[in-house]
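Student: I have a new structure to look at, and I would like to learn how its features get their names. Could we go through it together?

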Amino acid sequence: MLKRLVVLFLAAAITTLADGNSFDRVRYNGGSVDSKVDPKDWHNNLTITSDMIALALKDGKKVEIPPKTVTSLSYGQEAHRRVGTMIALAILVAPVALFGLFHKTRLHYIGIQYSTPDHKTAGILLQGDKDNYRAILVALQGVTGVPVVVGDKDREFIPVGVKTEVTKQPEEATKLADKSATEEPKGSINVTSNPTGADVLLNGDFVGNSPAVLKLTPGKHTITVKLNGFKDWSREITVQAGSELQVSATLEK
C-alpha cells in the first residue's frame, strides 16, 4: 500500500510539470546569486516548469535556469559538499552557510549546478523542508532528466522512482587526497576540463569539480572526468615525488 501511494504521488507530481510547480518554503544557503538573504529564512520562492527553473529570493534577487543547462543535481551532504567545492574554487560569489551542517535534525539540502550562457559553471544550494523536498527533487529531475547524486547514507531519503547516482560518503571519497595532504605533498596534478565544472574522480572517488588541484602520493592513479550529457573521460597517470602534471580533459558528446 505504501509503495502504491508513493507511485501515485510521483505520477501526480510529474503530470503537473508542464503547468509548473511552485514552492514558497525554500531556504537559499549560498551559490551564484549574490544575495544577502538570511540562510535561515524560508520565505523564498522556487518555481519549476519544463521551460525554466526560477528562484526568487526575499531580497528581490532572482535567477532563472533553463533545465537543459543543468549539469548536476545533488541531495543531502553531497549537495553541500559539491557546491562547497565550487565556492572553494572561487567560482561562486556567495558563501555557503555552515549553520546546521552538524545539526541533529535532518536538513534537506538540494544542489543545482548548471552552465551559464558564457559556458561557465554556476550553482545554488537550496534547502527544502520535510514536506516539500521530495516534490522538489521529483520536479527538478522531471524537467532536467539529470540523476540526483547522493551519498549512500542519504539514499533512503530520495523518493522512490527518482533516478540516483550513489557516491561514497565525503570522508571516504576524499580519503586518498586527505591522506597525501596530511603526510606531505608528493606530487601535484592540475586537472582542467572543457566544458569546465565537470566532476573529477580520483581512482573512482569524487574529489571535486574542474578545475581541481590534487596532491597525490607517488604511484599510478586513475583520473576520471564526468559531466552529464558527455562521454566519460579517463586516464591512468604515474605520479612521482615533487612532480607537477597538467591533465586537460576535452569531453565529447
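Tutor: Gladly! Let us begin with two tyrosines: Tyr 75 and Tyr 133 are both buried. This is a predicted model, in which local features need pLDDT of at least 70 and side-chain atom pairs count only at pLDDT 80 or more, while totals for chains, interfaces and linings use all residues. Residues are numbered from 1 along each chain as its sequence is written, and side-chain values use heavy atoms, with hydrogens and water left out.

Student: Why is the pair of Tyr 75 and Tyr 133 called stacked?

Tutor: Rings of Phe, Tyr and Trp (its six-membered ring) pair if their centres lie within 6.5 Å; planes under 30 degrees apart count as stacked, over 60 as edge-to-face and the rest as tilted. Here the ring centres are 5.5 Å apart and the planes are at 20°, so the pair is stacked. The structure holds one aromatic pair.

Student: What does the pair of Tyr 75 and Tyr 133 tie together?

Tutor: Tyr 75 belongs to strand β6 (residues 70-75) and Tyr 133 to helix α3, so parts 58 residues apart in sequence are tied together. Helices (H or I, at least four residues) and strands (E, at least two) are DSSP runs, numbered from the N terminus.

Student: Why is α3 described as largely enclosed?

Tutor: Ten of its twelve residues are buried, so the rest of the structure largely encloses α3. Among these buried residues are Ile 136, Leu 140 and Val 143.

Student: What makes a group of residues a nonpolar core?

Tutor: It is a set of buried Ala, Val, Leu, Ile, Met, Phe, Trp, Tyr and Cys residues joined through side-chain atoms within 4.5 Å. The largest one has 34 residues, and Leu 46, Ile 48 and Ile 112 have the most contacts inside it. Helix α3 gives the largest share of this core, eight residues. A second, separate core has 18 residues, including Val 200 and Leu 216.

Student: What makes Arg 25 count as sitting over the ring of Trp 42?

Tutor: A charge sits over a ring if NZ of Lys or CZ of Arg is within 6 Å of the ring centre and within 35 degrees of the ring normal. The charged end of Arg 25 sits over the Trp 42 ring, 4.3 Å from its centre. Lys 253 likewise lies over the face of Phe 230, at 4.3 Å from the ring centre.

Note on methods
Buried means under 20% relative accessible area, exposed over 50%, partly exposed in between (1.4 Å probe, protein chains only).
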